[in-house]
Amino acid sequence: MRNEGWTLTRLTGRCLACLSAMLVLLLLHLCMAVTAHADATTTNTSDSNGLTALRLGTVSVDGQQALRLVVETNTPATVKMSLLSAPYRLVIDMRDVGWQIDSLPKKGRLDRSPATAYRFGQPEPGIGRLVIELDSPSAPFRAFALPPNKGGHRLVIDMADNGRTAFQVAAAALRDSKPIQFGGADLTNDQRTVDAETKMVASAITPPVPKPKQTKPTVTVNPAVGVPAPMKRPNRWVVFIDAGHGGKDPGAIGRAGTKEKDITLAAAIELARQLQATGHIRAVLSRKDDRYLKLRQRIKLARVQNADLFVSLHADSAASKSAHGMSVFTLSETASDKEAAALARNENKADLIGGPDLGVEDPEAANELLRMFQRESMNQSTHFAGKILREIRNMPGGDKRGHRFAGFAVLKAPDMPSVLVEMGFLSNREDESNLNREPYRRKLAGRLTDAIVKYLEEFGPEI
Ligand SMILES: [Zn+2]
């Protein structure tokens, strides 16, 4: 009996164990079903808005290919975007948006570069999160809404790779941004821009591709295999040096007849030489000879190179012969002082010398995203100006004028820290004489090089 009893107990115990395991399984199953049901409920009914379609396309902006992502929703979406790296990705958080595309899984691969994959989730109640994985540091440069046309309300995001600094600037600006309600009435400017300058090339979501079947594990792994195309600039920062004026625009004329355009070119070439010599920097000049360039052309040249920094060199003049010393300028809507405002006005006139520029009205000014990035790059430019001022303080007049700001058109790159260095006044005899001497320019270029390297080491993207 005892044995039997023991056996029975053991059996019962085993059965109980089985039963509890089954119960656990059943409960798990139920839980999953409930979760799935809850998930579906959240997705389909309790969210006041729904994501109904995703489309990708390509647009050409100023000759550059850009990715167009279109997110369709039932009603206009309130959106908070973020950019994250390792891997690069765009995160779009949408208030009260659920997934309502039955024909499409919530995650899948994409093959329209830079988009490589997407996934949708709800990190917290009331937030629908769409993540787009990217194969390069691409950042949105334009986002706007379009009213429904057959489908839902369309949120259009255009993205391009303007280098890692542009990505960093955009990421920092987006991090501090508030959610934006797209679909308001104030979209005419963006729409006009898009209609006027871009053309939708394609509009199709790439269906998710099933994962390749697992093959036998390979013994040796070559890390290079399967790695996407090599990065555009593997181990060097790019610094764009803009020699002010040129060609038919001589800039300021010194008391002894020195032309500003010659001084800026000589100084720019010397600065480029010293930056190159660091081995960590590729220096790009806006001009290597005496030629005229419009201010926006200078910015464009820098952006094409995915420059990490923009340095414009000048040596202007003032009505007062005694005005002397160096200033470092950054962009601002309001000038720091009257003289700065006058200098900026003067510099901006350079564009008028070349005749009317029909493309001079900046369509980007109407773009909220770029305004946001511009504010961030103005902050970063201020740090950069500080580094330069610390390095030049022992140069003649290097501690005289400090950091100033005004609306210089040449500093308006929205996603690249930019400064304008007034190396001295050609209207001042001593400054003019210094700037004409090669050893002086070499010393000044050395200080600027130190400042640039220090800035990039602290704030620049890793190389
Ligand atoms: Zn100038």
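Helices (H or I, at least four residues) and strands (E, at least two) are here DSSP runs, numbered from the N terminus. On that basis, Asp102 is placed in the loop between S5 and S6. The structure is a predicted model. Its chain contains ten helices and 17 strands, and 41% of its 463 residues count as buried. Among contacts between residues at least 6 apart in sequence, 77% join residues at least 24 apart. The points below treat two open sheets, two helix pairs and two individual residues.

**The five-stranded sheet**

- Five strands make up an open sheet of mixed pairing, in the order S5-S1-S2-S10-S9.
- The edges are held by strand S5 (97-99) and strand S9 (138-146); each has a single partner strand, so one side of each lacks a neighbour in the sheet.
- Neighbouring strands of this sheet are turned against each other by 35 degrees on average, with direction ignored.
- Strand S1 (residues 49-61) runs antiparallel to S2, and ten bridges join the two. Within this pairing, Arg55 lies opposite Val70 in S2.
- S1 and S2 form a hairpin with two residues between them. Asp62, in the turn, has a positive phi of about 50 degrees.
- Strand S2 (residues 64-73) is mostly covered, since eight of its ten residues are buried.
- On its other pairing, S2 is antiparallel to S10 over seven bridges, with Leu69 standing opposite Ile157 in S10.
- Strand S10 (residues 153-161) is also joined to S9 by eight bridges, and these two strands run antiparallel. Here Ser138 faces Asp161 in S10.

**The six-stranded sheet**

- Six strands form an open sheet with antiparallel pairing, in the order S6-S7-S8-S4-S3-S11.
- Strand S6 (107-112) and strand S11 (180-181) stand at its edges; each has a single partner strand, so one side of each is left without a neighbour in the sheet.
- Inside this order, strand S4 (residues 89-95) pairs with strand S8 (residues 127-134) in the antiparallel sense over seven bridges. Leu90 stands opposite Ile132 in S8.
- As background, the strands of a sheet pair through backbone hydrogen bonds, either parallel or antiparallel.

**Helix packing around H8**

- Two packed helices are described by the angle between their axes and the distance between the axes.
- Helix H2 (residues 164-175) packs with helix H8 (residues 368-392) at an angle of about 110 degrees, and their axes are 8 Å apart. H2 is therefore roughly perpendicular to H8, the range for that class being 65 to 115 degrees.
- On the H2 side the residues in contact are Val169, Ala170, Ala172 and Ala173; on the H8 side they are Met372, Phe373, Arg375, Glu376, Ser377 and Gln380.
- By class, the H2 and H8 contact comprises six nonpolar, two polar and two charged residues.
- H8 also packs with helix H10 (residues 438-459): the axes come within 8 Å and cross at roughly 140 degrees. The two helices are therefore oblique to each other.
- The crossing of H8 past H10 is right-handed.
- H8 contributes Gln380, His383, Phe384, Lys387, Ile388, Glu391 and Ile392 to this contact. H10 contributes Arg447, Leu448, Asp450, Ala451, Lys454, Tyr455 and Phe459.
- The residues of the H8 and H10 contact divide into seven nonpolar, two polar and five charged.
- Gln380 of H8 takes part in the contact with H2 and also in the contact with H10.

**Two individual residues**

- Ala344 belongs to helix H6 (residues 338-348). With 23 other C-beta atoms within 10 Å, Ala344 is buried, the cut-off being 20 or more.
- Leaving aside residues up to four places away in sequence, Ala344 touches Ala335, Ala406, Gly407 and Phe408.
- One of these contacts spans a stretch of chain: Ala344 and Ala406 are 62 residues apart in sequence, yet their C-alpha atoms are 6.1 Å apart in space.
- Asp102, in the loop between S5 and S6, is exposed, with 8 other C-beta atoms within 10 Å. The limit for an exposed residue is 12 or fewer.
- Asp102 and Thr52 are separated by 50 residues in sequence and by 8.7 Å in space, C-alpha to C-alpha.

Notes:
Residues numbered from 1 in each chain as written. Predicted model: local features only at pLDDT ≥ 70, side-chain atom pairs only at ≥ 80, totals over all residues. Axes fitted to C-alpha atoms, helices over the stretch in contact; angles between N-to-C directions. Parallel < 35°, antiparallel > 145°, perpendicular 65-115°, else oblique. Contact = placed C-beta atoms within 7 Å. Nonpolar A, V, L, I, M, F, W, Y, C, P; charged D, E, K, R; others polar. Left-handed = near helix turned anticlockwise from the far one by under 90°. Pairing = 2+ DSSP bridges.
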